[in-house]
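Hi,

Here is the structure I promised to pass on.

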Amino acid sequence: ITVNGGNISDIFGGNDAAGTPNGEVEIHLKGGTIGRTFGGGNNASVKTNYIYLEGSTCTSIFGGSNASGTVTTSNIKTTSGTVDTIYGGNNTAGNTITSNITIDGGTIQTAVYGGGNLAETGTTNVTLNKSVIPNVYGGGANANVTSSTNIQLNGSSVGNLYGGSNA
């Protein structure tokens, strides 16, 4: 999926209610205004996904799925554009086994969560390269990480840094 412009409420890299895409999922956010972007499906699983914020304005980016499903590996990378909040994992249910987030530019207005919003994540990896971010959590917003959280800072400025989850 490549978005060069327009207004979109929700983007899903995977299926709606069932099934799993055969290959990897790639989402390029190059322009336009987007509410929520999910690397996974609405109620479905995805093996591996890649989300690239390259110029769009987004409310939320989730590496995982929305309401259910398992994402084996989620990958989010920002180079330009604006997003309020990034979650490496799922939104309300299901789980993400491994999340990888790399911030190489762009504007993060509120927070980066290595894990999900309300859904568990296994392992989270967050890399911050020369970025300015108000809040960074290795874990989820209101969700646990079941294995480990890893955060690497490379010349970044972070208001508050937490190795674990918000709740």
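This is a predicted model: local features need pLDDT of at least 70, side-chain atom pairs count only at pLDDT 80 or more; totals for chains, interfaces and linings use all residues.

Residues are numbered from 1 along each chain as its sequence is written, and side-chain values use heavy atoms, with hydrogens and water left out.

On to the cores. A nonpolar core here is a set of buried Ala, Val, Leu, Ile, Met, Phe, Trp, Tyr and Cys residues joined through side-chain atoms within 4.5 Å. Buried means under 20% relative accessible area, exposed is over 50%, and partly exposed is in between (1.4 Å probe, protein chains only). The largest core has 23 residues, and Leu-29, Ile-61, Ile-86, Ile-103 and Val-112 have the most contacts inside it. Among the elements giving it two or more residues are strand 3 (25-29), strand 5 (46-62) and strand 6 (70-87); strands are DSSP runs (E, at least two residues), numbered from the N terminus. Strand 5 supplies the largest share, 5 residues. A second, separate core of 7 residues includes Phe-62, Tyr-87, Ala-111 and Tyr-113.

Now the rings. Rings of Phe, Tyr and Trp (its six-membered ring) pair if their centres lie within 6.5 Å; planes under 30 degrees apart are stacked, over 60 edge-to-face, and the rest tilted. That gives 7 aromatic pairs. Tyr-50 and Tyr-52 are stacked, at 6.4 Å centre to centre and 5 degrees between the planes. Both are partly exposed: Tyr-50 has a relative accessible area of 24%, and Tyr-52 comes in at 23%. Phe-62 and Tyr-87 also stack, at 4.6 Å and 5 degrees. That pair links distant parts of the chain, strand 5 and strand 6, 25 residues apart, and both of its members are buried. Ring pairs also join Phe-62 and Tyr-87 into a cluster with Phe-12, Phe-38, Tyr-113, Tyr-137 and Tyr-162.

Last, the threonine. Thr-78 is in strand 6 and counts as buried because its relative accessibility is 0%. A polar atom of its side chain lies 2.8 Å from the backbone oxygen of Gly-105. Leaving aside residues up to four places away in sequence, Thr-78 touches several others, including Leu-53, Ile-86, Ile-103 and Asp-104, where contact means heavy atoms within 4.5 Å.

Cheers

How values were computed: Helices (H or I, at least four residues) and strands (E, at least two) are DSSP runs, numbered from the N terminus. A polar contact is a pair of N or O atoms within 3.5 Å; within protein, one must be able to donate a hydrogen and the other to accept it, and residues adjacent in sequence count only if both atoms are side-chain atoms.
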